[in-house]
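Please look over the sequence and the structure before reading on.

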Amino acid sequence: MSDTSSADILNRRRFLGAAGLAGAGAVLGARPVKADDAPKPDPLITEVQDWNRYLGDGVAKRPYGMPSKFEKHVIRRDVSWLTAAPESSVSFTPLHELDGIITPSGLCFERHHAGIAEINPADHRLMINGLVDRPLVFTMDDLRRMPRVNKIHFLECAANSGMEWRGAQLNGCQFTHGMIHSVMYTGVMLKTVLDEAGLKPNAKWLMLEGADASGMNRSLPIEKALDDCMLAFGMNGEALRPEQGYPLRAVIPGWEGNIWVKWLRRIEAGDKPWQTREETSKYTDLLANGRARWHTFVMDAKSVVTNPSPQAPLRHKGPNVLAGFAWSGRGSVKRVDVTLDGGRNWRTARIDGPVLDKSLVRFYVDFDWNGQEMMIQSRAMDSTGYVQPTKDELRKVRGVNSIYHNNGIQTWLVRATGEAENVEIG
Ligand code: MTE
Ligand code: CO
C-alpha cells in the first residue's frame, strides 16, 4: 500500500465531464464509462432542490439547536443482555461517528448504578467533613464564586473492553471501546475547596459520595486529590448534563471512571482508605491465582481504530482515511503506530489536533485501499514510554477473571467487501 499521491487525490473527486454527470452511484472503485452508457444528467446538479426553493425555519424556531435530522443514527446505544435493569447499566459512545477529540455532551456514554438523579442546583449541597479544621457546606453559588478552571480530560470506565477479555465478542468499536468520553470541564480545583476546609496533617484519604439512589462512594488518596482533581459544574461550555452528574461531579484525570463520583454531595477526609462496596466487591481485579488487585486506579495507554470498524465499513477503493483515538491515564500520548496487515508492517499515524494531558488524541493514516483483506490494529505509546500491550500479553499477567482494565490491542478484519469484523490474531 502506498501513501497518498497526487494522482489518488484526483480520484477522490468526480469530474464534471460525462462520468460526473452520470449520477451518484457511489460504488466500490471507479468504473469506466462505456460508450453506450449515455451519460444521464445528475438532477442534484441540474434541478432546483426544495431547500433551494422554500424558506427555512426562522431564528428561535429551534431555541436549543439539535443535530440535523440526517444524523439520527448518531446516538448512544446499549446492549440489552449486558445488564438486568436499565437503571444500573451502561450506554455507549458512538466513537465511529465522532471526530476531533471532544465528545458532544449528548453522546457521552452513561454509567449509572441507580439511574439519573434529577437535582435542582438550588437544593444541592456539598459537605466537607472528617479530618478537617473547618467542616463546611457549599452551595452551587458558593462554588461558582471560587477561582475557576477549564480542562479537557477523558473518562474511561474500568469495564471498557471488559467483554473482550476471553476473546472477540462485540461487533463495533461503540460496544468494545465506547465507555469513554472526552469533554472540557469547568469548575474549581479540588485543592481550592480542601484548602478552605483545612486538611489535618493525618488526612491521607478522601471519601467521595454521590447523592443518587446508589449513594455511590469511593476512596481517593490525598496526593491525587491535591494534584489535578476538579469539582466540575460545567462540560463543553454549558452546565453538566443530568446524565453526567448535574449539578456537580468529581473529575479525577486519568483514573477509572468509577471514582469520578457524579451528583457529588460529600467529601470526608480520613486517615485510611474506606472499604466501600465499590472497592471490595466490584472494582477489584481477580487474578488467575485467586488474589485480587485492589485500587487499580490508573487507566493505562490504549487506542482504537474507529474507522474502518464493524459499524463503519469501507465504501470506496482508492484513497481512504483511517481514523482513531488514543489516550493514557499516565500522561499524554507520544505516538500511535498502525498496521494494516496484522502486525507485519507498522507505520506511525499522524496525530492531529491538541495533544493534552490525560485527554484523547485523534490520529489518522491516509492510505490507499485496492480491495485487499486487511487486519487493522493500532498501538499507543505514552509520555512515560509505556507501550500498549497485546491482549495475549495482558492475559499472561492478569488471567481472564476480571472484566476490568483491558487495554489490549484491538484487531479489525476488513474483508474484500469493505465490511469489518471484530477478531483476534491467534
Ligand atoms: N457516580 C454516582 N454517584 N453514581 C454512579 O452510578 N457511576 C460511576 C461514575 N460515577 C456512578 C458515578 C461509573 S462506574 C462511571 S464509569 C462513571 O461515573 C461514568 O460517568 P458518565 O456517566 O459521565 O459516563
Ligand atoms: Co464505570
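## Where the ligand sits

In this predicted model, ligand 1 sits in the largest cavity. That cavity has a volume of about 220 Å³, and it belongs to a set of 2 cavities of 30 Å³ or more that a search of the whole structure finds. Rolling a probe the size of a water molecule over the atoms shows where empty space is left.

The lining of the largest cavity is made up of 22 residues, and those nearest its centre are Arg111, Arg249, Gly257, Trp260 and Lys262. When these lining residues are sorted by class, 8 are nonpolar, 8 are polar and 6 are charged, while strand 2 gives the most to the lining, with 3 residues.

## What surrounds the ligand

Seen from the ligand, 22 residues surround ligand 1, and the closest of them are Phe109, His113, Asp212, Arg249 and Lys262. The shell around ligand 1 holds 8 nonpolar, 8 polar and 6 charged residues, and its largest share, 3 residues, comes from strand 2, which spans residues 110-112.

Which atoms of the protein lie 2.7 Å, 3.1 Å and 3.0 Å from oxygen atoms of ligand 1? A polar backbone atom of Phe109 is 2.7 Å from an oxygen atom of the ligand, and a polar backbone atom of Arg111 is 3.1 Å from an oxygen atom of the ligand. With Gln244, by contrast, a polar side-chain atom takes part, and this atom lies 3.0 Å from an oxygen atom of ligand 1. The protein covers 100% of the 530 Å² of accessible area that ligand 1 has on its own.

## The second largest cavity

The second largest cavity contains about 70 Å³ of space. Its lining includes Glu156, Ala158 and Asn160, together with Val298, Met299, Asp300 and Lys302, and also Arg398, His405, Asn406 and Asn407. By class, this lining has 3 nonpolar, 4 polar and 4 charged residues.

Key
Residues numbered from 1 in each chain as written. Chains lettered and ligands numbered in written order. Predicted model: local features only at pLDDT ≥ 70, side-chain atom pairs only at ≥ 80, totals over all residues. Heavy atoms only, no water. Near = heavy atom within 4 Å. Polar contact = N/O pair within 3.5 Å; in protein donor to acceptor, adjacent residues only side chain to side chain. Areas by Shrake-Rupley, 256 points an atom, 1.4 Å probe, with all protein chains shown as cover. 1 Å grid on protein atoms, 1.4 Å probe; cavity = no way out; pocket = protein on both sides within 12 Å on 5 of 7 lines; lining within 4 Å. Sits in = over half its atoms within 2 Å of the grid points. Helix = DSSP H or I, 4+ residues; strand = E, 2+ residues; numbered from the N terminus. Nonpolar A, V, L, I, M, F, W, Y, C, P; charged D, E, K, R; others polar. Points joined across faces, edges and corners; volume = space filled by probe spheres on them.
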